[in-house]
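Work through the exercises below with the sequence and the model open. Try each task before reading its solution.

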Amino acid sequence: MSFFDQLKFDDATGLIPAIIQEQKSGRVLMMAWMNRASLEKTIETGRTHFWSRSRQKFWMKGESSGHTQTVTDIAFDCDGDTLLIQVEQAGAACHEGYQSCFFRSVNNGRTPSRITEKQLFAPETVYGKK
């Protein structure tokens, strides 16, 4: 039995959530969606590949920014419905220029959130005008 048989891709979309974690620090960098093809490509190349629900397109992390992720481990939860992918991150994981996509924290729920880390680059310098 292949480990793919143990995974539960969504019946309607064929997707499974993937949590991306920096191996050295344990920090959660991002969450993205994978289909079987993107997971196969990730395993084949050792670089993370995802499915963009908004663009309806297959993509490799860092293909436009150069901020790539080298896979060090792929695990899945007890239900087989979520992936945990540990990586070595080169540059920022977030398209907004932060190390992690989780750069905002809730204060008390009544005031605006706060930014909890330094921005590594301005998005327009990598992706053009927003």
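**Exercise 1. The sheet**

Which residue in β6 is the bridge partner of A18? Then place the two strands in their sheet.

Solution. The model is predicted. Step one: the partner of A18 in β6 is L83. Step two: β1 and β6 run parallel and are joined by five bridges. Step three: the open sheet has four strands, in the order β2-β1-β6-β5, and its pairing is mixed. From one strand to the next, the twist averages 25°.

**Exercise 2. A polar residue in a loop**

Is T48 buried or exposed? Trace its surroundings.

Solution. First, locate T48: the loop between α1 (36-45) and β3 (49-52). Second, apply the cut-off. Buried means under 20% relative accessible area, and T48 has 0%, so T48 is buried. Third, look for a polar partner. The side chains of T48 and Q69 make a polar contact of 2.6 Å. Fourth, check the remaining touches. Setting aside residues up to four places away in sequence, T48 touches T42, W59, M60, K61, Q69, V71, I85 and V87.

**Exercise 3. The helix**

Which residues of α1 are buried, and what covers them?

Solution. Start with the list: S38, L39 and T42 are buried. Seen down the axis of α1, the buried residues fall within an arc of 100°, so they line one face of the helix. The cover includes β2, β3, β4, β5 and β6. Now go to the ends. At the N-terminal end, N35 is the cap, with a side-chain oxygen 3.3 Å from the backbone nitrogen of A37. After α1 comes G46, with a positive phi near 75°.

**Exercise 4. The hairpin**

How many residues lie between β3 and β4 in their hairpin?

Solution. There are four residues between β3 and β4. The turn includes Q56, which has a positive phi of about 50°. Pairing of β3 with β4 is antiparallel, over four bridges.

**Exercise 5. A histidine**

Where is H67 found, and which backbone nitrogen lies 3.0 Å from a polar atom of its side chain?

Solution. H67 is in the loop between β4 (57-60) and β5 (69-76). Its relative accessibility is 16%, so H67 counts as buried. The nitrogen belongs to A92. Residues touched by H67, leaving out those up to four places away in sequence, are K61, G62, Q89, A90, G91, A92 and F121. For a distance check, take I115, 48 residues from H67 along the chain: their C-alpha atoms are 21 Å apart.

Methods: Residues numbered from 1 in each chain as written. Predicted model: local features only at pLDDT ≥ 70, side-chain atom pairs only at ≥ 80, totals over all residues. Heavy atoms only, no water. Buried < 20%, exposed > 50% of the residue type's maximum accessible area, 1.4 Å probe, protein only. Polar contact = N/O pair within 3.5 Å; in protein donor to acceptor, adjacent residues only side chain to side chain. Contact = heavy atoms within 4.5 Å. Pairing = 2+ DSSP bridges. Arc of directions from axis to C-beta. Axes fitted to C-alpha atoms, helices over the stretch in contact; angles between N-to-C directions.
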